[in-house]
Amino acid sequence: MGLFARLFGPAAGQPVKSKTSGAPAGGSDRNAVWVYVKCRKCGEVVALRLRKTDEIQRDCDGVCSSPGAVFFVRKEVMGTRCFNRMDLLVEFDANYRVVGSKVTGGELASREEYLAQAEGEARA
Ligand SMILES: [Zn+2]
């Protein structure tokens with residue numbers, strides 16, 4: 001359980017509500033989209049699960065600047081290693097693919113970067 005939980009438990013401390021469903025920390029998730037943000041200050045990669053139903057907004061007008069963007073999420077993100085606050089704006093197309101992003105205080109990271117970090121922590 002230990003290694004698995006560390007690898008796939010981005011929301012440590014938060015109860016996991018779904019029983020069997022879900023692709024934690026990435027992959028296909030019917031009701032949510034995962035994005036990863038890297039803290040500019042300490043380099044921590046933070047995994048964010050964005051619920052399509054209430055976190056992803058549909059009125060892109062005046063917000064999104066990327067072609068094809070129809071949804072967006074604006075969120076304040078803080079990692080666990082430092083107090084750097086990141087302001088995140090991610091733009092999605094109709095298939096919830098990321099088509100653009102703007103992160104103040106950090107940058108968008110990949111799932112691979114997140115998993116590599118989790119792996120490193122599990123080994124440490
Ligand atoms: Zn940080």
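1. Helices (H or I, at least four residues) and strands (E, at least two) are DSSP runs, numbered from the N terminus. The model is predicted: local features need pLDDT of at least 70 and side-chain atom pairs count only at pLDDT 80 or more, while totals for chains, interfaces and linings use all residues. Residues are numbered from 1 along each chain as its sequence is written.

2. The protein chain contains two helices and six strands, and its elements follow the order α-β-β-β-β-β-β-α from the N terminus.

3. V99 lies in strand β5. V99 counts as buried because it has 20 C-beta neighbours inside 10 Å; a residue is buried if 20 or more other C-beta atoms lie within 10 Å of its own, exposed if 12 or fewer, and partly exposed in between, with C-beta atoms placed from the backbone. By this criterion, 20% of the 124 residues of the protein chain are buried.

4. Beyond its neighbours within four places in sequence, V99 is in contact (C-beta atoms, placed from the backbone, within 7 Å) with S66, G68, A69, E91, F92 and D93. G68 is 31 residues from V99 along the chain, yet their C-alpha atoms are separated by 7.2 Å.

Conventions. Contact = placed C-beta atoms within 7 Å.
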